[in-house]
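Please look through the sequence and the model shown here before reading on.

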Amino acid sequence: MSIDSRQVAAGLLDAVPFARTLGIEFVEVAPEAEGGVRAVVRLPDDPAHHNHVGGPHAGAMFTLGESASGAVVLAAFGQVLDRAVPLAVTATIRYLKVAVGPVLATARLGGVPAEVLAELDAGRRPEFPVEVEVRTEDGTLTSSLTVIWTLRPNR
């Protein structure tokens, strides 16, 4: 699988202007084993995005994680955007520690792309998880997300 990281980043930032507003940066979008995909995105430290305890606001952290998961979905399933729309169905987030400084979200596809595409090809609306870890630049885990995505077939 070949992934054009710049195209994925541009597509996501075009579709989600709020990610641009926060200054989210795309560090890496890369293939993994069994057709999986990993994406790493960065939220710069900006006092305008801080909360009452001095770290990034929960909404900024959520947007970072969801943006990383969206990059994974676009990279893994971009070839079917002409016949299906990717949508986040549910998301859960756990805030574990106050983040200080810039943070990085690493997202990984939780399903096998071929299985997801087989469901879509069979006329079903597949759902699949994308797991995300958010860490400070020194590697401290600050939050984790699970975003359940679907590919809604165009009718």
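The text below goes through these parts in that order.

The model is a predicted one, in which local features need pLDDT of at least 70 and side-chain atom pairs count only at pLDDT 80 or more, while totals for chains, interfaces and linings use all residues. Residues are numbered from 1 along each chain as its sequence is written, and side-chain values use heavy atoms, with hydrogens and water left out.

Helix H1 spans residues 5-15; helices (H or I, at least four residues) and strands (E, at least two) are DSSP runs, numbered from the N terminus. At the start of H1, a side-chain oxygen of Asp 4 comes to within 3.1 Å of the backbone nitrogen of Arg 6. This is a polar contact, defined as a pair of N or O atoms within 3.5 Å, where within protein one must be able to donate a hydrogen and the other to accept it, and where residues adjacent in sequence count only if both atoms are side-chain atoms. The buried residues of H1 are Val 8, Ala 9, Leu 12 and Leu 13, with buried meaning under 20% relative accessible area, exposed over 50%, and partly exposed in between (1.4 Å probe, protein chains only). Because these residues cover an arc of only 120 degrees around the axis, they are on the same side of H1; the arc is that of the directions from the helix axis to the C-beta atoms. An α-helix has 3.6 residues a turn, so residues three or four places apart point the same way. On the other side of H1, Arg 6, Gln 7, Asp 14 and Ala 15 are exposed. The cover over the buried residues of H1 includes helix H2 (17-22), E1 and H3.

Helix H3 also holds Thr 63, which is buried at a relative accessible area of 10%. A polar atom of the Thr 63 side chain lies 2.9 Å from the backbone oxygen of Gly 59. Leaving aside neighbours within four places in sequence, Thr 63 is in contact (heavy atoms within 4.5 Å) with Phe 18, Ala 19, Leu 22 and Ile 24.

Side chains of opposite charge can pair when their charged atoms come close. A search of the whole structure finds 8 salt bridges, each being a side-chain nitrogen of Lys or Arg within 4 Å of a carboxyl oxygen of Asp or Glu. In one of them Glu 28 pairs with Arg 38, the closest N and O atoms being 2.9 Å apart. Glu 28 lies in strand E1 (residues 25-31) and Arg 38 in strand E2, so this pair ties together parts that are 10 residues apart in sequence. Glu 28 is partly exposed at 31%, whereas Arg 38 is buried at 17%. Glu 32 forms a salt bridge with Arg 108, with 3.1 Å between the closest N and O atoms. Since Glu 32 lies in the loop between E1 and E2 and Arg 108 in strand E4 (residues 103-109), the pair ties together parts that are 76 residues apart in sequence. Another salt bridge joins the side chains of Glu 133 and Arg 135 (3.0 Å, N to O). Salt bridges that share partners join Glu 28, Glu 32, Arg 38 and Arg 108 into one network.

Finally, Val 53, Val 98 and Val 100 make a nonpolar surface patch of about 270 Å². Val 53 lies in the loop between strand E2 (37-43) and helix H3 (58-77), and counts as partly exposed at 49% relative accessibility.

Definitions and conventions:
Patches are made of residues with over 30% relative accessible area and no salt bridge: like charges are joined within 9 Å, nonpolar side chains (Val, Leu, Ile, Met, Phe, Trp, Tyr) within 5 Å. Accessible areas come from the Shrake-Rupley method with a 1.4 Å probe; for residues, only the protein chains shown count as cover.
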